[in-house]
Amino acid sequence: MLTGLLCALGAGMMWGLVFIAPLILPDYPGLMLSFGRYVAFGLIALAPALLDRKRIAALTRADWRAALKLSLVGNLLYYAALATAIQLADAPLPTMLIGTLPVVISVFSNWSPGHAAESVAWRRLAPSLLIILVGILCVNAAELAHMRLAGAGNTRSTGDYVLGCLIALGAVAAWTWYPIVNARYLRAHPHISPSTWATAQGLAVLPLALAGLFGYGAYQKLTGGSYAFPFGPRPLQFVGLMLVIGLSASWIGTLLWNKASQHLPTALLAQLIVFETLAALLYAFIFRDAVPGLQVMAGVALLCIGIVFGVRTFQHQIP
């Protein structure tokens, strides 16, 4: 259990880095940040694939189909949907919806568990979910207020806002599906190591990300867009940041999450996605050179309490 918790914490710390990329490169479209990240992930995966070539070669056609589906839905579609939703509806609403993922995934994985041993009675699961939900609402309310102040005067059409809401719900659906299916596949195939599976997903996402990247470039050219394809106005910063995120958030983060998926029930693992929220908050406040307010601190405290309750709920089921 401790191994699973530490791996989930490490994955959250890695994934939190993704949320500061738009702050460092605010003049880059969200789609380019998404495609750039996963092209880097795929290229970086080539090195461990060479070192791990025997286990990579042992993967079956069904394994590659699963890796391709997971990469398409949980990586490219999720981040493309999130970036598009933010562009259409602004950041507050998509951020609020994505923040509910730990609760949504826990509910779905407990409602339809892969194995009876993975589920617990709803009355035992409810306290940790409610505490985490209140904590998420506290943190999001404070962050939404900050973003509204920062973006005062920004207007969007009702049609764009509604479309952005629907696309954000699509992002929630994509990342609700991904961790549940990924965890169940790994538990059903224990011979696949977490590192091999992380590398396989990186290799699977590379052609998809390249297609998206050049498709976006063609769209920019046809529509006369202002983006300087492919590397934008600050090529060295863009390429360097994409490589850092591709290694840390994508390959290392996926590896650690795969390891955690082999040790923890999905309903508990879902709650531990709050580590990503906590890490993103930490990095954001460091980037802003600011101290979080009382509302954010209260939300963080509730998130930590909810995690403790969740771990205690599943403790008897985990060796």
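Modeller: A helix here is a DSSP run of H or I with at least four residues, and a strand is a run of E with at least two. Keep in mind that this is a predicted model.

Colleague: Fine. How many helices and strands are there in the protein chain, then?

Modeller: By that count the protein chain has 14 helices and zero strands. Reading from the N terminus, the elements go α-α-α-α-α-α-α-α-α-α-α-α-α-α.

Colleague: Let's take Phe108, in helix H7 (residues 101–111). Why is Phe108 called partly exposed?

Modeller: Buried means under 20% relative accessible area and exposed means over 50%, with partly exposed in between. Phe108 has a relative accessible area of 41%, so Phe108 is partly exposed.

Colleague: And what does Phe108 touch, leaving out residues up to four places away in sequence?

Modeller: Thr176 and Ile180. A contact needs heavy atoms within 4.5 Å, and Phe108 makes one with each of those two.

Colleague: How far apart are Phe108 and Ala267, in sequence and in space?

Modeller: They sit 159 residues apart in sequence and 8.0 Å apart in space, going C-alpha to C-alpha.

Colleague: What share of the chain's contacts with a separation of 6 or more comes from residues 24 or more positions apart?

Modeller: That share is 88%. As for burial, 51% of the 319 residues count as buried, on the under 20% cut-off.

Colleague: Which residues does a cis peptide bond join?

Modeller: Phe229 and Pro230, with omega at about 5 degrees. Most peptide bonds are trans. Pro230 is in the loop between helix H10 (194–223) and helix H11 (235–263).

Key
Residues are numbered from 1 along each chain as its sequence is written. This is a predicted model: local features need pLDDT of at least 70, side-chain atom pairs count only at pLDDT 80 or more; totals for chains, interfaces and linings use all residues. Side-chain values use heavy atoms; hydrogens and water are left out. Buried means under 20% relative accessible area, exposed over 50%, partly exposed in between (1.4 Å probe, protein chains only).
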